[in-house]
Amino acid sequence: MTMTHSETKSARISGTRLGYRFNIVGMVGLSIILCWALVAIFAPLIIPYPVGEIVDLDYFGPMSRDFWLGSDYLGRDMFSRILMGARYTVGISLAAVTIACFTGVVLGMIAAVAGGWLDTVLSRFLDALNSIPSKLFGLVVVAAVGSSIPVLILTLSVIYIPGAYRFARALAVNINAMDFITVARIRGESTLYLIRSEILPNIIGPVLADLGIRFVFIVLLLSGLSFLGLGVQPPYADWGALVRENIGGLPFGAPAVMAPSFAIASLTISVNLLIDNLPRKIRDRSE
């Protein structure tokens with residue numbers, strides 16, 4: 001059975017729209033991520049109490065109308081501290097994953113296009129760096145240099161650059177072997193042109209998905225370092241530090257220790273749900 005011109009055009013338009021459409025699970029994940037992003041941006045304007053002020057006479061206080069998530073081990077408002085903690089957890093992780101993926105992807109594409117000794121040197125060096133356990137590397141660097149936000153960002157970035165490099169290089173090597181790259185070389189196009197106009201547009205979808213996965217890894221690593229006391233320092237705290245501070249309330253079922261744990265889980269699970277349910281035309285670079 002043949003289709004009329006109008007039916008064919010309608011199906012093509014419908015398919016294009018469906019290609020960029022998020023399903024309900026992806027929309028839920030995206031909504032939670034955007035919610036935490038807005039909280040991180042506007043936290044100082046919406047917190048009900050200063051994060052360092054003792055406002056409750058009871059420690060590990062229960063949830064109430066005045067303290068929505070109870071109070072911590074000193075009597076500070078947990079709701080305010082979690083909102084401000086989002087600024088550090090989301091901000092540090094986003095900065096680190098941006099630096100790591102940008103650096104890794106650029107180096108990976110350069111290595112794939114240039115080949116030869118440059119590819120060998122970069123690959124061997126980053127392989128050696130990747131062989132160091134991430135938590136051990138983070139512990140050594142932060143303990144030696146000191147814990148500050150710039151140090152945390154740079155340390156987390158260095159840890160995840162090798163993985164981003166290997167991923168981008170593997171994609172770029174496949175693209176570099178295709179006929180249209182050979183034609184561009186014959187035309188005399190520069191390496192910069194090949195990277196910017198030919199390779200990057202064909203790997204951007206998988207790279208964005210990889211960025212989301214590495215963001216989750218960085219959130220968890222940052223939370224682990226903060227739990228060990230090497231993250232954001234008092235009186236401020238990210239979510240991992242909030243769990244460490246209030247771990248003594250665990251036998252009492254205090255919301256002060258459970259709330260930041262749920263915050264970490266909600267962010268990381270939402271990012272995974274979004275990545276798993278990206279529109280088809282973003283996931284599939286061949287579309």
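Predicted model: local features only at pLDDT ≥ 70, side-chain atom pairs only at ≥ 80, totals over all residues.
Local features were required to have pLDDT of at least 70 and side-chain atom pairs pLDDT 80 or more, whereas totals for chains, interfaces and linings use all residues. Residues are numbered from 1 along each chain as its sequence is written, and side-chain values use heavy atoms, without hydrogens or water.

Helix α3 spans residues 78–114 and helix α10 residues 255–276 (helices are DSSP runs of H or I, at least four residues, numbered from the N terminus). Their axes come within 11 Å and cross at roughly 35° (axes are lines fitted to C-alpha atoms over the stretch in contact, with angles from 0 to 180 degrees between N-to-C directions). The crossing is right-handed (the near helix is turned clockwise from the far one by less than a right angle). M78, I82 and V90 of α3 meet A256, A259, P260, A263 and L267 of α10 (contact means heavy atoms within 4.5 Å). The residues of this contact comprise eight nonpolar, no polar and no charged (Ala, Val, Leu, Ile, Met, Phe, Trp, Tyr, Cys and Pro count as nonpolar, Asp, Glu, Lys and Arg as charged, and the others as polar).

One cavity of 30 Å³ or more was found in the whole structure (on a 1 Å grid, a set of points where a 1.4 Å probe fits but cannot get out). The largest cavity has a volume of about 40 Å³ (the space filled by probe spheres set on the points). Its lining includes R81, P235 and Y236 (lining residues have an atom within 4 Å of a point). Helix α3 gives the most to this lining, with three residues.

R169 lies in helix α6, residues 149–176. Its side chain makes a polar contact with the side chain of D119 at 2.8 Å (a pair of N or O atoms within 3.5 Å, one able to donate a hydrogen and the other to accept it). Beyond neighbours within four places in sequence, R169 also contacts residues including G108 and A112.

Definitions and conventions. Helix = DSSP H or I, 4+ residues; strand = E, 2+ residues; numbered from the N terminus. 1 Å grid on protein atoms, 1.4 Å probe; cavity = no way out; pocket = protein on both sides within 12 Å on 5 of 7 lines; lining within 4 Å.
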